[in-house]
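Good morning. I will go through one structure, chain by chain, and then look at two residues in it. Please have the sequence and the model open.

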Amino acid sequence: MIFVFIVLSAITLISSFGVVISRNVVHSALFMSGAFLGVAGFFAMLHSPALAALQVLIYVGAVTVVILFGIMFTQRPQVRRFRTILNRQVGAGFTVALFVGALLIYVFLQQDWGSTSAGHGPRTVASLGRILVGVSSGTDIFALLFEVASILLLVAVVAAIVISRRKTGEGVERRAEE
Amino acid sequence: MSVTLVWYLIVAAMMFAIGAWGAMIRRNAVVVFMCVELMINAVNLTLVAFSDYLPKAHGAGTGYAVLVIAIAAAEVAVGLAIVLAVFRTRRTVNIDEINSMKG
Amino acid sequence: MNTVSSQLIIAAIVGLPFMAFLICVLFGRRLKENAQYVGTFCVLISLVFSCFALAYVAGLLPGNVPGEGSSIQFSVHWIDLGPGGSFSMGVDIDHWAAVMLIIVCFVSLMVQIFSGGYMEGHPRFAWYYAVVSIFTGSMLGLVVSPNFIQAYFFWELVGGTSYLIHGFYFEKPAATYAAEKAFIVNRVADAALFIGIIIFWRETGTTSFSGIASAAHAGFIGSTTLTAASLFVFLGATGKSAQFPLHVWLSNAMQGPTPLSALIHAAAMIVSGVYLVSRTYNIFVQSPTAMEVVAIVGAFTAFMSATMAIAQKDIKQIIAYSTISQFGYVMLGLGEGAFTAGVFHIYNHALFKSLLFLLAASLGYAVGGSSDMGVMGGLKKRMPVTYWAFVIAGLSLAGIFPFSGFWSKDAIIAAAYDEGHYVLFALALFTVFLTALYIFRGIFICFWGEPRSEEARKAVEVPSIMTVPMIILAFLSIVSGWVGIPKGFGLPIKDVFGDFVQPSSFAQKTLHATPQNFSFVMAGISVLFGVIGIWLAYTVVVARPQWATAVGRTFPRVHAFLLNGWYFDLVYDRLFVRPAKALGGAVRDFDLRGFGGLVSGIGGAVSWSGERLRALQTGGVQNYAFAVLLGALIIAIIASAQYSFLVVALVVAFSVVAAAVGARL
């Protein structure tokens with residue numbers, strides 16, 4: 001198990017790093033999907049196979065494709081130098097992010113997690129489903145959250161269409177202001 | 001030695017830090033988006049790790065993770081729509097050039 | 001005096017002139033020359049009501065106990081802060097106050113009638129009458145005050161309105177200077193008076209005159225404190241009554257309109273000081289030291305200003321110094337314990353001095369506005385009414401028998417002798433000689449000899465609206481003293497004034513005053529000195545003018561010393577005025593540069609820091625994101641109390657900055 005864990009974490013972290021410092025935008029997108037796959041593997045290790053499937057389907061399948069579409073529509077030529085892709089905050093941002101990460105790790109290490117053991121995740125799709133609709137014990141709120149999330153998805157779809165519409169010249173239109 | 005909770009949390013923290021760094025320093029708006037997605041995934045990982053290791057939560061962490069995935073997907077859609085709209089008028093996705101609030 | 005209507009009548013004495021002021025101020029533009037009727041009418045009604053008050057106080061009204069009068073007293077609570085902190089406003093009219101009311105109203109009436117002719121054609125005619133009315137009202141308010149607070153209130157009003165009067169011709173810088181000088185000198189006096197009031201109030205918890213007197217008698221005030229407080233009050237009185245050392249404003253105050261000088265420098269403002277001393281007599285008599293000081297200051301002032309008067313070239317200046325001198329006499333009388341003689345002299349002096357000022361006004365009117373004696377001369381035939389009125393007033397002032405001034409002045413001098421103050425007696429007697437000398441020198445220069453200018457040659461008598469008040473006052477200058485002829489003179493006439501206006505029985509007891517008998521010897525000596533003065537004036541001006549030039553050539557410095565008022569103005573200027581101005585300038589500069597700089601500096605600092613902070617608003621989202629993350633990091637460190645992180649962060653930040661600075665340098 002440890003070996004698997006180490007491999008997965010290497011995949012994830014190296015991919016994340018790749019997203020940040022890759023000079024080609026498409027490479028960044030592919031690195032990102034690599035990171036997603038690593039996280040999906042983690043989900044599987046954490047006894048949530050349904051969630052791992054969902055992760056792959058939605059993130060690697062949909063989000064990556066959408067982002068690739070976005071890259072396609074906002075094409076820019078490949079750059080040669082790092083200075084073109086990174087702004088002046090590199091050093092300061094690195095320091096702050098380092099400290100944030102270090103603080104988090106420090107706090108996690110300090111905390112006494114008690115006697116915890118793995119294996120309490122929703123191992124079957126049915127149990128995940130029961131959690132999501134709020135019939136499982138202690139998860140009553142999810143009934144409402146589930147419905148709200150669906151409304152939010154509807155609003156997001158409509159908003160995305162409206163924002164990126166081309167101007168037609170008549171009727172009441174909403175154009176996104178910069 | 002087995003994998004404990006803390007290991008997952010540390011990985012997630014590092015992924016979050018990398019994502020934060022990337023969101024602060026890349027000039028391309030779409031890449032910033034990708035780094036934001038990285039951060040969201042780190043949080044998801046934390047949630048599911050807690051859900052697996054802490055029995056009292058009754059697996060609620062996984063439920064939250066599902067909802068976060070849904071919301072993140074919606075956010076990507078709307079955000080890219082905005083980026084496209086901005087690109088249409090300004091012909092650039094370089095964030096540094098979108099600074100009309102300066103001063 | 002318990003019915004509201006009778007109280008209203010008494011209150012109207014003070015209130016009507018204020019109402020006249022309001023009417024003249026609000027409707028002056030429309031009234032123009034008719035303002036004189038408003039003012040005169042109101043003061044006439046006040047006079048009638050004052051006669052009513054006098055009759056009541058004298059016991060002559062049908063409602064009184066037959067044969068006996070009582071003082072009018074009523075008051076309303078004004079401020080009530082508990083024991084020791086309650087002040088009331090009210091009225092306390094005893095015999096002397098009733099007489100004083102009539103004097104002020106009567107002289108004001110004469111002056112307002114006279115001014116109808118004198119001020120004719122002046123663009124600020126209505127304002128003139130407004131100022132006269134409010135001044136009269138303030139003085140009347142002071143006369144009836146029963147306690148120090150109300151007296152101080154009206155005292156300040158009198159001072160303020162006299163500023164308006166002195167500065168009436170404010171187009172002339174000399175007039176504005178005179179108004180400021182009078183006001184500031186009076187301010188110094190007012191400060192002293194206020195200190196005295198505060199001392200009295202702190203020691204006794206009350207400010208009413210009778211209250212303080214009884215408290216002092218009962219021993220609530222230590223004798224040194226009593227003397228000190230009384231001297232402070234006296235210092236305040238010297239300011240208003242132009243006694244040494246605060247007499248310097250009166251000669252400048254001649255810049256005001258001359259008929260108003262007749263009111264304020266003969267019968268009203270000048271009187272307020274001695275009036276206050278006479279009202280608080282019950283307090284003063286309990287401090288023999290204060291009485292001594294009052295008498296000495298009075299006698300010295302009388303002598304000093306008489307010497308200044310004999311060298312003046314301007315008729316108004318002569319009369320001004322004469323006023324200072326005569327009030328010195330009054331102070332001498334009060335200080336010697338001769339209350340009745342002192343107030344009798346106030347009463348007589350009000351009449352003949354206001355007449356003298358009105359005469360100076362008519363002289364000025366006739367010769368085109370100047371009061372310089374160098375342009376007059378030979379007016380005896382041309383202005384007969386003025387001339388004879390002047391002679392009458394002069395004889396009264398010099399204290400010649402049987403004119404009014406004789407009775408009161410002689411009583412004061414005799415009192416000085418009886419009390420054993422022989423130095424003061426000698427000073428007073430010598431001043432009689434000087435008085436006669438200066439006033440008749442003035443008369444002879446103005447009216448005898450040849451006219452010295454074109455205006456004098458063409459002068460005619462003034463119109464009757466102005467001569468009628470003069471004649472009335474001249475008649476009174478002769479007879480006003482006859483109500484106070486002492487018994488010892490041998491005439492079967494009652495000493496009406498002396499019986500009517502007595503110091504309180506308490507004061508009489510404290511002073512161990514024995515009624516004085518009239519002494520023919522004393523009277524004869526003072527009349528003799530007066531006659532010598534008149535003879536000398538005649539000789540020096542008319543018969544042998546070369547003596548005057550000879551004396552002037554032999555003692556030029558003495559002449560300059562007297563002419564410039566013993567150089568008091570110079571001394572005060574060096575000692576007080578210049579340092580005060582320097583201090584004021586320094587404070588102003590400090591305020592401008594120090595505080596002003598501080599305030600603008602704060603503004604400048606804020607705006608500078610705002611400009612610097614503006615650099616933070618880059619408009620770049622990632623900069624803002626960086627700031628958010630940094631802030632969240634700091635809060636997280638503090639909230640989770642992981643301070644080692646903070647230390648490490650600071651060290652890293654410091655080294656990074658140092659490296660950056662090092663790299664740039």
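I start with chain A. Among its contacts between residues at least 6 apart in sequence, 52% join residues at least 24 apart, where a contact means heavy atoms within 4.5 Å.

Some ground rules before the rest. This is a predicted model, in which local features need pLDDT of at least 70, side-chain atom pairs count only at pLDDT 80 or more, and totals for chains, interfaces and linings use all residues. Residues are numbered from 1 along each chain as its sequence is written, chains are lettered from A and ligands numbered from 1 in the order in which they are written, and side-chain values use heavy atoms, with hydrogens and water left out.

The model has an ipTM of 0.91 and a pTM of 0.70. For chain C, the average pLDDT is 85, and 96% of the residues score at least 70; pLDDT is the predictor's confidence in each residue, from 0 to 100. Where pLDDT is low, the coordinates should not be read in detail.

Back to chain A. Helices (H or I, at least four residues) and strands (E, at least two) are DSSP runs, numbered from the N terminus.

The C-alpha trace of chain A spans about 60 × 45 × 25 Å along its principal axes. Its radius of gyration is 21 Å, while a compact globule of 178 residues would have one near 16 Å. That radius is taken over C-alpha atoms, and the globule rule is 2.2 Å times the number of residues to the power 0.38.

In chain A, 38% of the 178 residues count as buried. Buried means under 20% relative accessible area, exposed means over 50%, and partly exposed is in between (1.4 Å probe, protein chains only). The chain exposes about 10,300 Å², and carbon and sulfur atoms supply 68% of that; these areas come from the Shrake-Rupley method with a 1.4 Å probe, and for residues only the protein chains shown count as cover.

On charge, chain A has 13 positive and 7 negative side chains, with the centres of the two sets 18 Å apart. Lys and Arg count as positive and Asp and Glu as negative, while His and the chain ends are not counted. Each charge is placed at NZ of Lys, CZ of Arg, CG of Asp or CD of Glu.

Next, chain B. It has three helices and zero strands, running α-α-α from the N terminus on. Its C-alpha atoms fill a box of roughly 55 × 25 × 25 Å along the principal axes.

How much of chain B is buried? Buried residues make up 66% of its 103 residues. The accessible surface of chain B is about 3,500 Å², with 70% belonging to carbon and sulfur atoms. There are 7 positive and 5 negative side chains in chain B, and the centres of these sets lie 9 Å apart.

Now chain C, with 28 helices and two strands. Its radius of gyration is 33 Å, well over the 26 Å that the globule rule gives for 665 residues, so chain C is more spread out than a compact globule. Its C-alpha trace spans about 115 × 65 × 55 Å along the principal axes.

Of the 665 residues in chain C, 53% are buried. For contacts in chain C between residues at least 6 apart in sequence, 79% join residues at least 24 apart. Its accessible surface comes to about 28,800 Å². Chain C carries 35 positive and 29 negative side chains, and the two centres are 10 Å apart.

Thr467(C) sits in helix α20, residues 464–479. Is Thr467(C) buried or exposed? It counts as buried because its relative accessibility is 8%. Not counting residues up to four places away in sequence, Thr467(C) touches Val385(C), Glu461(C) and Val462(C).

Val542(C) belongs to helix α23, residues 520–543. At 28% relative accessibility, Val542(C) counts as partly exposed. Leaving aside neighbours within four places in sequence, Val542(C) is in contact with Phe444(C), Trp448(C) and Ala537(C). Val542(C) and Phe444(C) are 98 residues apart in sequence, yet 7.0 Å apart in space, C-alpha to C-alpha.
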